[in-house]
Amino acid sequence: MWSEITKKLQETVQNIMPQVEAVIGWERGFNEIRIKPVVIKKEGDISKLVWNPFCVQNLSGYLVKSPAVIPREGRRVAICVKGCDSRSVTALIQEGFLKRDQIFIIGIPCSGTVDWRKVMKRLERSSVIHRAEIKDGRLMVEHAEGVEEIPLREILLRRCLRCVYPNPTVSDVVIGETVSPHIEKEDLYKDVEAFERKSLDERRKFWAETLSRCIRCYACRNACPLCICQDWCIAERRDPKWVTQKPTLKDILLFHGIHALHLAGRCTECGECERVCPMEIPVMFIKEKLNETTLRLFSYEAGIDSNLVPPLLTFNPHETGI
Amino acid sequence: MEEREKTKNNTEMRILGFLCNWCSYGGADTAGVSRLKQPTDLRIIRIPCTGRMDPLFAFKALISGADGVLVSGCHPKDCHYSVGNLYARRRFEVLKDFLPFLGIESDRFHYTWVSASEGQRWQEVVTEFSRRIHELGRNPGFDMNTNLVNSEAR
Ligand code: SF4
Ligand code: SF4
Ligand code: FES
């Protein structure tokens, strides 16, 4: 199934190659479960492109954050997107970082991507993977110590298990069949609600403990396609000075407050921040809360309608009770 | 004098007030000039407009252990820059809803509108907010001095 979609993807790219400057997609990494981003600029490289549940990266950041692939006047850049990634693209268009006619969107419906860390934990001592194959909802891994079969559901990323937009919301071409989401929309924030049933003390304790693991590598910020300040990020600038380099809980919390509040009403829940965290901190959970808030207060979901302005970048004089 | 005594007995709370230069700052002044009695826990920071109020100002204060943060600006439609407070109120609502998720009482943050002539109203706002914070008690915040790498080093 994945090889078929890969083949179709390569054919599609072959056809559009003359119209576009480059194609941003995925290619195999150092083993079958580690996929990496690739920018295809010449026809000979098209065969590198792949699509399968290991294609975890949200590539939309490569359209805006350096080293961004920016098309020349009148040309376009093609990008492969899953459902969640397509929302990032829409959000970037909404906020004026990108023009719709600069990009060609290759949409791929996605039934969930794999958390390689969850796979590695199942393999215990073995770390060398010879072969991996996904069939009928199960992953089969041949590794140095034998063969392991794992139901796919058990190794999906958290973001995928709670995804309600698995099909691209915007695209120029769609490859593969429409898929249905893992959860109902009304269950989207049930984790947030459950957490809010705990006492304030428990919540404070949870974050103090969880965030104390943070090494402030800023990978979460760097991976976020909507965290676009880069060198101007106030977490690193010394003027104004917000965060210090001291390894204290205060500085960590402040950094996460900055990321979360700057993403309020903008985050599309693509889960990249959480996926890249080397300390396995549920970074997206903080943003889920803010999204639950902006949905309730402003009936707004980020990255769905390119004509809407994110709620905190605008106002409504007639709003009452606010 | 009687007021002074009272504050001495109850420990003073650390409350930050961010007041818009064009209205609430004047309102606080009006209250002072009219010699209206006010609690003394509030430390005022003047801002050019509530639109200048980054929710992170309040966030940083509260995680650092401030007991309360009060923001006050011009009434909606009276903002000196027309719409600063309309942007601001959305941000404040979001912040208020966010704080408890991290374990901070949302009542520690409050925003309101007071014009330069409303000295009386200012007195009520400060008195009520200070009372509320006294009721909540000290903000345990987060243990800010924890140096996570080497707690002896500092
Ligand atoms: S990626 Fe993880 S460890 Fe790195 S700064 Fe973000 S939360 Fe902290
Ligand atoms: S904050 Fe995290 S989940 Fe939200 S858009 Fe950024 S990377 Fe994606
Ligand atoms: S000038 Fe007072 S709130 Fe804008």
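Predicted model: local features only at pLDDT ≥ 70, side-chain atom pairs only at ≥ 80, totals over all residues.
How many nonpolar, polar and charged residues does the shell around ligand 2 have?

**View 1. The surroundings of ligand 2 in chain A.** Ligand 2 is surrounded by 13 residues, and the closest of them are Cys224(A), Cys267(A), Cys270(A), Gly271(A) and Cys273(A). Sorted by class, the shell has seven nonpolar, three polar and three charged residues. The site of ligand 2 is the second largest cavity.

**View 2. Backbone geometry at Tyr218(A).** Most residues other than glycine have a negative phi. Tyr218(A), although not a glycine, has a positive phi of about 65 degrees.

**View 3. Two cis peptide bonds in chain A.** Most peptide bonds are trans. The bond from Ser66(A) to Pro67(A), however, is cis, with omega near 0 degrees. Pro67(A) belongs to the loop between β2 (34-40) and β3 (76-81) of chain A. The bond from Asp239(A) to Pro240(A) is also cis, and its omega is near 5 degrees. Pro240(A) is located in the loop between α7 and α8 of chain A.

**View 4. The open sheet of chain B.** Four strands with parallel pairing form this sheet, in the order β2-β1-β3-β4. Because β2 (42-47) and β4 (109-113) of chain B stand at the edges with a single partner strand each, one side of each is left without a neighbour in the sheet. On average, neighbouring strands are turned by 20 degrees against each other, direction ignored. Six bridges join β1 (residues 15-20) of chain B to β2(B) in the parallel sense. Cys20(B) has Ile47(B) of β2(B) as its bridge partner.

**View 5. Helices against the sheet of chain B.** Helix α2 (residues 24-33) of chain B packs on the sheet and touches β1, β2 and β3 (68-73) of chain B. The direction of α2 makes about 110 degrees with that of β1(B). Helix α4 (residues 84-98) of chain B lies across β3 and β4 of chain B, at about 155 degrees to β4(B).

Key: Residues numbered from 1 in each chain as written. Chains lettered and ligands numbered in written order. Heavy atoms only, no water. Near = heavy atom within 4 Å. 1 Å grid on protein atoms, 1.4 Å probe; cavity = no way out; pocket = protein on both sides within 12 Å on 5 of 7 lines; lining within 4 Å. Sits in = over half its atoms within 2 Å of the grid points. Nonpolar A, V, L, I, M, F, W, Y, C, P; charged D, E, K, R; others polar. Pairing = 2+ DSSP bridges. Helix = DSSP H or I, 4+ residues; strand = E, 2+ residues; numbered from the N terminus. Axes fitted to C-alpha atoms, helices over the stretch in contact; angles between N-to-C directions. Contact = heavy atoms within 4.5 Å.
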